[in-house]
Amino acid sequence: WYFPAPKESANGTCVIICPGGGYAILASSHEGSDVAKKLNEFGVSAFVLKYRIPNDKAQPDKSIAPLQDAQQAFRVVRKRAAEFGINQKKLGIMGFSAGGHLASTLATHSDSGDPLAKDDIDKISSLPNFCVLGYPVINMDSDYTHWGSRRFLLGPTPDLEDIQFLSNEKQVTVSTPPTFIFTTGDDNVVPVQNSVSYYLALRSKGIPAELHIFEHGNHGLGLLVDDFAIRQWASLLENWLIRWKVLRQ
């Protein structure tokens, strides 16, 4: 789903949004279209990604199906950037909860494209220019994982290799993009340790990162927030994007 920024305020920045839902459903309203419309207020265009829900019967390797969809989405949007009025160098990924796991998976498992590929689309980079994570699932191998997301993505008895591959705090490299993270300290669904471990992994590689931990707040907030403090996450994100010159002040 495409949500173009108003022509009078569009600045060429675009974000592909991955809704949460524990890899079982897509919360595509409050963690998708509502967020896209908020980004439009900043002059940012947005796509809400309808990625495949992992399915043993329909997908040869269900654990990477969502990642393949995210990679393909980035390549397609970059290829058609002129058509959408988008700057190829200002294309970010954003995700909430399990969608945050997918966003961080793309940020840590992307490539710059294969110049020898037969299909032109595969020559295009799938690496985001920046990443935004809301109360993300990150860990797959610790006491802090979200077991529902892990089970739907990896199955009931995953291999250690697959667990490590998709524990994204272990996959950060110097190519991982700058990242903005927000979460709440008493999230009882996806523990705050997920965000903290990813932030520390980013810092260990010298990747610029900003982490906001609000003291209280339920999981799955999106923009449906009554609390004044937590409601500021969108403004904090806007300020971060301005500092990174993704947006014009």
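**Salt bridges and a buried helix**

Okay, let's start with a pair of charges: the side chains of glutamate 41 and lysine 38 meet in a salt bridge, 3.3 Å from N to O. By salt bridge I mean a side-chain nitrogen of Lys or Arg within 4 Å of a carboxyl oxygen of Asp or Glu. Quick note: this is a predicted model, where local features need pLDDT of at least 70, side-chain atom pairs count only at pLDDT 80 or more, and totals for chains, interfaces and linings use all residues. Residues are numbered from 1 along each chain as its sequence is written, and side-chain values use heavy atoms, leaving out hydrogens and water.

Back to our pair. Both sit in helix 1 (residues 29-41), three residues apart, about one turn of the helix. Helices here are DSSP runs of H or I, at least four residues, and strands are runs of E, at least two, numbered from the N terminus. Glutamate 41 is exposed at 56% relative accessible area, while lysine 38 is partly exposed at 28%. The cut-offs: buried is under 20%, exposed is over 50%, partly exposed is in between, with a 1.4 Å probe and protein chains only.

A search of the whole structure finds eight salt bridges. One of them joins arginine 243 and glutamate 210, at 2.3 Å, N to O. That pair links distant parts of the chain, 33 residues apart: arginine 243 is in helix 8 (residues 233-243) and glutamate 210 in strand 7 (residues 209-214). Glutamate 210 counts as buried, at 17%.

Last stop, helix 2. Eleven of its 15 residues are buried, so helix 2 is largely enclosed by the rest of the structure. Among the buried ones are Leu67, Phe74 and Arg78.
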